[in-house]
Amino acid sequence: MESTIVSSTNFNAWFGDNHVVKNVNISIPKNNVVAVMGPSGCGKTTFLRCINRMHELIPNAKAEGKMMLDDENIYDMHPIFVRLKIGMVFQRPNPFPNLSIYDNVIAGYKLNGMKLPKAEKDAIVEKSLSRAALWNEVKDNLHKKGTFLSGGQQQRLCIARAIAMEPEVLLFDEPTSALDPISTSSIEELFHELKKNYTLIIVTHNMQQAARVSDKTAFFYLGELVEYDGTKQMFTNPTDKRTQNYITGRFS
Amino acid sequence: MNRTGAHLKWRIAKSNIAKTVIIILAFACVIPLLAIFFYIIKEGVTKINWHFIVSLPKPVGEEGGGIANALLGSLLIVLCASVIAIPIGILCGIYLSENKTTRLAYYSRLAVDILQGVPSIVVGIIIYFWIVKETQTFSAISGSAALALMMLPIIVRSTEETLKLLPDSLKEAALALGLPYHRVILKVLLPCGISGVLSGVILSVARIAGETAPLLFTAFGNPYLNANIFKPMQSLPLLIFNYATSPYDEWHDLAWGASLILLTWVLLLNIITKITTRKWRVQL
Amino acid sequence: MQQANYPQTFIAGKALNKSKSLKKSVAVRKSFSQIKFEKIFKSTLVLIALSVVIIVLAIFLTLVVQSLPSIKALGWKFLGGKTWDPVSNVFGAYPFLIGTLITSFLALIISVPFSFAIAIFLGEYYPKGWLSELLKNVIELIAAIPSVIYGFWGVFVLVPIVRDLETKLGILPYGIGIFTASLILAVMIVPYAASLGREVVRMVPSALKEGAYSLGATRFEVIKNVVIPYAKSGLFAGILLSLGRALGETMAVTMVIGNSPIIPTSIFSPGHTMASVIANEFTEAADSIYLSSLIEMGLLLFVVTVIINVIGKRIIKRFTNE
């Protein structure tokens with residue numbers, strides 16, 4: 001039986017009066033890739049952002065319910081600590097434009113004023129970039145700024161930056177929707193490797209991607225978690241009618 | 001048919017005449033600029049030498065003398081004004097860019113707009129009552145306070161505008177890494193916008209480097225070399241004003257030399273502003 | 001790191017503290033002090049924004065309080081009082097009001113054609129290119145020259161020229177006076193209406209202009225009938241900003257205006273403005289009513305220039321939001 005790392009119970013979220021996430025109960029097992037899919041506006045991104053407490057940064061945003069990381073409610077923790085344990089990669093690659101590749105990777109330490117010995121920093125950079133499958137491409141240019149990298153490479157840099165913080169969970173908010181197909185597939189290969197060390201939760205509007213990369217899939221519709229099952233099971237034999245409509249609507 | 005043709009010709013001619021007139025009027029403003037530059041360079045260049053820079057003004061009637069007190073004074077007064085205005089201006093700009101809709105932001109923005117329009121002589125009066133009268137002495141620091149008030153709106157404005165232009169994704173990336181709010185602002189946003197903030201700072205210095213009115217009743221002037229900021233101090237614009245309006249030719253000479261130096265200094269600052277904007281711009 | 005006491009552990013999350021990574025626990029400890037500082041930082045920001053508001057209010061209050069002696073003693077007659085004679089304790093601000101108004105409006109009238117020409121040139125005819133950059137830099141330089149240098153140059157170059165002119169016209173050849181001051185002011189305020197005017201002229205939608213061209217209008221007709229009417233409010237705001245600048249200008253004016261407290265009889269007479277009389281007589285004003293009358297004029301200047309500037313900025317904001 002796999003252990004659960006992230007779970008939510010009766011979780012709700014609002015933008016002002018707009019109830020965008022309704023009573024979500026979900027349990028994410030460790031070292032899995034879980035895809036969260038659904039049509040636009042179904043609340044999947046909002047739910048994702050609640051997991052690392054980015055949702056509350058928007059004015060008039062509210063969240064209620066239990067959201068557990070291991071055995072602790074993240075809403076009892078200070079948000080900074082939540083984000084040290086749960087990393088996020090965004091839709092558009094956003095490396096810090098004024099920092100070199102090297103500094104981008106250890107940004108989580110450097111910008112926090114943590115002074116690490118050079119040997120340790122080098123080790124973190126190499127390990128993170130290797131795990132993000134970017135090390136060989138940039139190892140000779142570590143001290144250049146990251147703006148010359150392609151979109152896919154920049155996204156892998158952002159992944160390396162998140163990994164450098166040694167999170168337990170990695171959240172991905174439509175990570176390949178701004179990328180070309182080749183970069184997309186290289187990142188999808190990465191997910192397979194990453195799950196050995198981390199748990200991945202990936203929001204995607206691309207059903208085929210969900211089918212390709214994930215172990216389990218959650219289907220959101222109009223703010224509700226409609227169905228949550230093993231990916232193979234979900235796509236071949238969905239239980240809920242709405243899931244079936246969504247899936248078949250996209251095929252051919 | 002002929003009438004329409006002639007009328008059309010007239011309309012086209014009118015348009016060309018208008019264009020010529022506009023071009024002439026537009027470039028007419030070059031004339032006073034060139035006249036001023038030419039005259040200041042002509043009169044000032046002969047007066048400047050090493051002696052001029054390092055010696056003090058001589059009493060009336062004596063030949064020679066220099067403007068060392070004014071040079072040092074200007075430097076110190078502008079430095080102190082910057083030390084006061086830059087942190088306050090940047091922090092205020094940060095607040096305004098981060099809080100666009102609060103009531104405090106509305107009134108603060110209004111206050112900055114008002115401050116920008118206050119005549120320089122009024123600023124001098126205010127600081128006279130706030131500082132000079134309370135401390136019972138004219139002082140360089142009171143002059144700096146007055147100049148700082150005039151620098152504030154420029155720094156606040158440019159900081160706010162620069163930060164507002166930065167994409168939200170930058171802030172999100174920093175927050176998602178677990179950075180606390182002040183580090184997100186100070187270590188990520190501000191460095192990325194450094195070119196805009198810096199050019200605002202340099203621009204504000206250029207603006208006040210030549211100001212005289214705020215210093216008339218605050219720094220007041222001083223014929224001797226003084227590095228004590230709590231005592232009256234001379235500054236370049238003050239010296240120019242005092243000596244230009246005096247009846248003595250030797251003092252007029254000093255004023256010409258000083259004017260050339262001041263003009264060069266202000267020009268340099270404006271050029272540096274332009275270079276800074278280009279060189280330090282972070283490719284977003 | 002087992003040193004963490006329970007409340008801290010609770011906040012950080014037991015999982016976090018149990019982390020074997022040394023780096024992580026350093027991060028945890030660092031983060032505690034960061035969180036406290038976060039609050040201090042946010043409060044500091046609020047405090048500073050607030051203090052700017054307080055400073056402006058305090059400026060107004062100081063001016064009012066210091067003007068009270070003369071407001072109480074002289075009342076409204078102050079503004080209409082035609083004589084200014086501190087020696088006999090007679091304080092009338094009328095000469096300075098007139099001087100300020102005449103110099104500023106004369107400067108405005110002289111400078112507006114040039115400002116608008118520049119605005120149209122840069123906004124319509126040559127928005128790009130080296131010629132445009134050249135003119136833009138010229139305008140910026142004109143704005144950058146310190147006013148005391150304008151005054152200095154005015155005394156030694158402009159005043160003799162005006163003196164010659166007056167001799168030819170058969171007027172008393174002072175050289176200095178309202179006219180000279182207005183000339184210098186006109187040069188100084190050209191950049192304000194010009195750069196603002198350029199911005200609004202550039203913002204006229206090309207769709208509107210193309211519509212007129214397609215009907216056979218000439219360049220000038222498009223400018224006259226489409227561009228100017230559309231940019232009207234912005235151009236007006238530019239004039240307001242120039243006016244505000246002219247009203248508050250002190251140094252250049254005081255060096256060439258003649259500093260005479262008598263009501264000017266013609267534009268060639270010497271005169272005074274509110275700003276220049278304050279600059280001239282502030283340090284001599286020992287008597288409390290004397291000083292207070294000067295401050296009262298400062299208050300008037302403050303209120304008028306602030307209103308003009310704020311209105312001008314409001315117009316611009318509305319224009320750019322449309």
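These legends walk through some close-up views of a predicted model.

As this is a prediction, local features need pLDDT of at least 70 and side-chain atom pairs count only at pLDDT 80 or more, while totals for chains, interfaces and linings use all residues. Residues are numbered from 1 along each chain as its sequence is written, chains are lettered from A and ligands numbered from 1 in the order in which they are written, and side-chain values use heavy atoms, with hydrogens and water left out.

**View 1. Chain B, built from helices.** Chain B has 13 helices and zero strands; helices (H or I, at least four residues) and strands (E, at least two) are DSSP runs, numbered from the N terminus. Its radius of gyration is 24 Å, well over the 19 Å that the globule rule gives for 284 residues, so chain B is more spread out than a compact globule. That radius is taken over C-alpha atoms, and the rule is 2.2 Å times the number of residues to the power 0.38. Along the principal axes, the C-alpha atoms of chain B fill a box of roughly 75 × 75 × 35 Å.

View 2. Of the 284 residues in chain B, 57% are buried. Here buried means under 20% relative accessible area, exposed means over 50%, and partly exposed is in between (1.4 Å probe, protein chains only).

**View 3. A salt bridge between two helices of chain B.** B:Arg157 and B:Asp113 meet through their side chains in a salt bridge, at 3.0 Å from N to O. The two sit 44 residues apart, with B:Arg157 in helix H7 (residues 140–165) and B:Asp113 in helix H5 (residues 103–117). A salt bridge is a side-chain nitrogen of Lys or Arg within 4 Å of a carboxyl oxygen of Asp or Glu. B:Arg157 is partly exposed at 22% relative accessible area, whereas B:Asp113 is buried at 7%.

**View 4. A salt bridge inside one helix of chain C.** C:Lys136 pairs up with C:Glu133 in a salt bridge, their closest N and O atoms being 3.2 Å apart. Both lie in helix H6 (residues 130–144) of chain C, three residues apart, or about one turn of the helix. C:Lys136 is buried, with a relative accessible area of 19%, while C:Glu133 is partly exposed at 41%.

**View 5. A salt bridge in chain A.** A:Lys62 and A:Glu64 form a salt bridge, with the closest N and O atoms 3.8 Å apart. A:Lys62 is partly exposed at 42% relative accessible area, and A:Glu64 is partly exposed at 41%.
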